[in-house]
Amino acid sequence: MLIRFSIVEVFLIGALSAAPTVTAAEQPVDFQKQIAPIFEQHCVRCHSPGNNKGELSLATFDNLQENEYVIAGKADESYLLEVVTANDGDPPAMPKEGDPLSDDDVELLRRWISEGADWPSDVIVRERSRADSSWWSLQPLADVEPPVSESIPAAWNINPIDWFVYAKLAEQGLQPNPPADRRSLIRRATYDLLGLPPSPEEVDAFVSDPDPQAYEQLIERLLDSPHYGERWGRHWLDVVRFGESNGFEKNTVINTLWPFRDYVIQSINDDKPFDRFIREHLAGDVFGGDDPNVAVGTAFLVAGPYDDVGNQDAEQIAQIRANTLDEMINSTGQAFLGMTLGCARCHDHKFDPITQRDYYAMYATFAGVRHGNTPLATPQARSERTALLKPLNKRKAELEKAQDDLKEKILKRAHDRLDHYEAIWPRPPVDRTGTEETFEPVVAKFVRLVCEAQDINPQATVFRVDEFEIWSAESKPRNVALATNGGRATGEARKIEDFPGAYGPQHAIDGKTGARFISTTPYLTIELAEPTPINRVLFSSARGEQTPEHSKFVFVADYRIEVSDDGTSWREVAHGRDRRPVGNKPDRPRSKAEPPTHRDHRLLHLETTDEERRQQAQLSRELNTVKREITRVPELPDVWIGTRNRDDAQGPFHVFLGGSPQKKGELVVPASLSPLNNVAPKYQLPGDVDESARRNKLANWITDPNNPLTPRVLANRVWHYHFGTGIVDTPNDFGYMGGRPTHPELLDFLARQLQQNGWRLKAMHRLIMTSQTYRQSSKFRDGAAAVDGDSRLLWRYPPRRLSAEEIRDTILSIAGKLDQTMGGPGFRLYHFMQDNVCTYVPLDKHGPETYRRAVYHQNARASVVDLMTEFDQPDCAFSTPHRAQTTSPLQALTMLNHSFTLDMARDLAERLQREAGKNRRRQIARAYELCYSRKPTADEISACRQLIREHNLVALCRVLLNTSELIYVQ
């Protein structure tokens, strides 16, 4: 077994910055202690498997020896010494990055080579990551005792959270703010847990409640609200990059992923233990496969973007597949472990102790997962549907067999007379690059092409044409079909909303190739500028193309050319029924489900007797009846939880050198991540174990009580959403490049509390929100801000702006228009258009059907949604651990002028008139209570009354909806 050599081990023996010197000349050079640290510090960054610049790797001795960089026993002949040694005052050629080797290092290399260049075969030299297994986040959770002190004020000496926070403030000579007033507190808590404003009645009841437990009762009421799951479900959907389109070039909308969103909201409302919630995300279909409400959790794996454009190149297919699995691996590492696993895809992680083997162990774990829909239903629902379908499918199969038998009987008879039929097909088959028909001159005003059979599926009659030429019977023939000659083409074409006419009939007469008419009926009609004698037509679908056989150039196989004087009465002047069939012989055996070849299609038409036609018609009627009955049986619900592919999961799996699937390195198997081997139970599974067992094992390992990362990361997320910034300010990265905890002991205390409370979030909310830390005022103090400008030490409650969803929900709620319907398919604030790619156009008008909470919006990747996008709703292409808060002119312009806010201003004015009558003072007071959870001052009342007099009540409502106080929580 190979030993992975770490610089940490070397450091315990010798210095990092320079190789240790030999104290006795007779002592042989020790490779592990003296030479490996030189390579590790100076060389393997650029010369390692997958990153072997100059086609040289210094990870093992083999490559050095093969390239004759080192000739054992002959230091002077070894090229390695030449490139690291200065020459005539010139700096050494290597290393190109960083400081050159010291003289002592060069001498050690010389002695090592002269002594035989011994390199133990089980030692692999690897670049040292900045952090190692001693990194703070990889240590076991500490059993922390809160720092109790008699100097802590009485109010701050109750909740353990306050002890930790107060002690840190005291270290910096800071004092916390006094408690917030009750109006601020109910507004803060209600937005925090529900994402909605409290009603004026709720505010008044809380402010006037004499019960000392009123605040605790408020928290309980909010936690019991179904809106709690909507608010905190939105947080989690950010983390797991939930988006309802697949992204990339096609960006197709996904209409079957909403059940995962509902599952998240319901799970959070139910206070489901979060360790189980995580396990369901990774393997719910494994241990809860009979329960759709559990199996739906594995939609997490496929909730991210993926590339479904398709590629014919085998190497590109493998690369796209690797990219898809990388997205799953990254999302898993970030969401549950706060680890940036993707940085170990091409090489060992530069900053954290994550190896490529770790990354590809995860790759092997998820290899059997593919994107797509799977029916989700209980065993009873499945069996009931099967029972209903069984007799219908049996009858359907009998009728289809009778049809096939009759068809085979007719074809057998026709093939016995094949010589006769082939004699009536003397002309060559149609040619996509140009098919010509000539006929006796005829005067026509209208000419049309009628497709009788398509050249790919002869049972179809739709086709494509890039040019259709009609030539006059004159001494100097003209193409009278051309638009420039007065021709006008008509025909039903494939339509796309964002590019009208993209496939229209005008392309058939524009004199150009490249673009083509794509028909949806059998007809293309050309109206000439005037009645004209004609005698020839020429038409094509792939003129000048290098690959005319491509399916996108689908053409006619059988056709007729007709002419007319009035566009109503038609007569045939040419046809292609005497041409040889397209693809006269099948290139492979064809299944019964496939359409017949063009030849067989013709033979069936010509050979079938009248009696056989009656039999065919009767069978078709019976079959259609059975098919209708089958469609009446309700389908099982399809949900986007992905599919499982055993072939993908078979392996064997390798490290991909440099991240390329074409460069396979050492074998790997599904296993736990090595950075946590010292604290959590490690595992390694056989390479042939079922893919479901791999995911289940990973899920159990991530939620193992001894795994410190999962509870730390989760506790930090909860803290982050309560205070705007986590104890670690990079919630998705607990590694070297992430933030350091401001209160490490508090973080471990919270993680322990999470575990002790059965991984239930509601207990964590109670603990945090009943603390004085949370309940203090947000008042700004210059002296405290000079020490802690961002309030990371929490000397005050950090004010925050509402998220995009909260702003929209608040406006709807204040206006009395919020539709509180929960669950089900989402609504769209964009117009969706689909052709080869998808287009999302923001709606100018938001109707009542869009007045639900924003969490139910069908968020598509790379789409722009008015109001939401301006206020930093993230693109769901990636996990969003924290929302950005930008300030831009577009925010003000949108809020002031968009039809949504104008509509809501009118609706708010109507609400004020209903609830406050015609009295302006009461209207203004009610507006302030709705918008700000407070009463207006005398000056505010005066200013508002003047605005109403000069304009109207709607104008006042429009102003209130555009104020900062509305969208900030103190």
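Here is a quick tour of this protein, from its overall build down to a few single residues.

This is a predicted model, where local features need pLDDT of at least 70, side-chain atom pairs count only at pLDDT 80 or more, and totals for chains, interfaces and linings use all residues. Residues are numbered from 1 along each chain as its sequence is written, and side-chain values use heavy atoms, with hydrogens and water left out.

**The big picture**

- The protein's secondary structure comes to 33 helices and 22 strands; helices (H or I, at least four residues) and strands (E, at least two) are DSSP runs, numbered from the N terminus.
- Picture a box of roughly 110 × 100 × 65 Å, taken along the principal axes: that's what the C-alpha atoms fill.
- Out of 970 residues, 52% count as buried. Buried means under 20% relative accessible area, exposed means over 50%, and partly exposed is in between (1.4 Å probe, protein chains only).
- Take the contacts in the protein with a separation of 6 or more: residues 24 or more positions apart account for 72% of them. Contact here means heavy atoms within 4.5 Å.

- Helix H6 (residues 160–171) packs with helix H23 (residues 744–756) at an angle of about 170°, their axes 9 Å apart. That makes H6 roughly antiparallel to H23.
- A word on those terms: axes are lines fitted to C-alpha atoms, for helices over the stretch in contact, and angles run from 0 to 180 degrees between N-to-C directions. Angles under 35 degrees count as roughly parallel, over 145 as roughly antiparallel, 65 to 115 as roughly perpendicular and the rest as oblique.
- H6 and H23 have a left-handed crossing, meaning the near helix is turned anticlockwise from the far one by less than a right angle (clockwise would be right-handed).
- On the H6 side you'll find Pro160, Ile161, Phe164 and Val165, which meet Glu745, Leu746, Phe749 and Leu750 in H23. By class, the contact of H6 with H23 has seven nonpolar, no polar and one charged residues.
- For those classes, Ala, Val, Leu, Ile, Met, Phe, Trp, Tyr, Cys and Pro count as nonpolar, Asp, Glu, Lys and Arg as charged, and the others, Gly among them, as polar.
- Helix H22 (residues 709–723) packs with H23 at an angle of about 105°, with the axes 8 Å apart. H22 and H23 are therefore roughly perpendicular to each other.
- H22's side of that contact includes Pro711, Leu714 and Trp719, and H23's side includes Leu746, Leu750 and Leu754. Sorted by class, the contact of H22 with H23 has nine nonpolar, two polar and two charged residues.

**Helix H32**

- Five residues are listed as buried in helix H32 (residues 953–960), namely Leu953, Ala955, Leu956, Cys957 and Leu960.
- Their cover includes helix H29 (899–916), helix H30 (920–932), helix H31 (938–950) and helix H33 (964–967).
- At the start of H32, a side-chain oxygen of Asn952 reaches to within 3.2 Å of the backbone nitrogen of Val954. A polar contact is a pair of N or O atoms within 3.5 Å; within protein, one must be able to donate a hydrogen and the other to accept it, and residues adjacent in sequence count only if both atoms are side-chain atoms.

**Prolines to look up**

- The peptide bond from Met94 to Pro95 is cis, with omega near -5°, and Pro95 sits in the loop between helix H4 (79–84) and helix H5 (103–114).
- Gly651 and Pro652 are also joined by a cis peptide bond, with omega about 0°. Pro652 is in the loop between helix H20 (646–649) and strand E17 (653–656).
- Pro375 is in strand E6 (residues 374–375) and is partly exposed, with a relative accessible area of 34%.
- Leaving aside neighbours within four places in sequence, Pro375 is in contact with Arg382, Leu636, Pro637 and Asp638.

**Loop residues**

- Ser791 isn't a glycine, yet has a positive phi of about 55°. Ser791 lies in the loop between helix H26 (782–787) and strand E19 (800–801) and is buried, with a relative accessible area of 3%.
- Leu794, in the loop between H26 and E19, has a positive phi of about 65° although it is not a glycine.
- Asn479 is in the loop between strand E9 (467–472) and strand E10 (488–490), and is buried at 7% relative accessible area.
- A polar atom of the Asn479 side chain lies 3.2 Å from the backbone nitrogen of Ala481.
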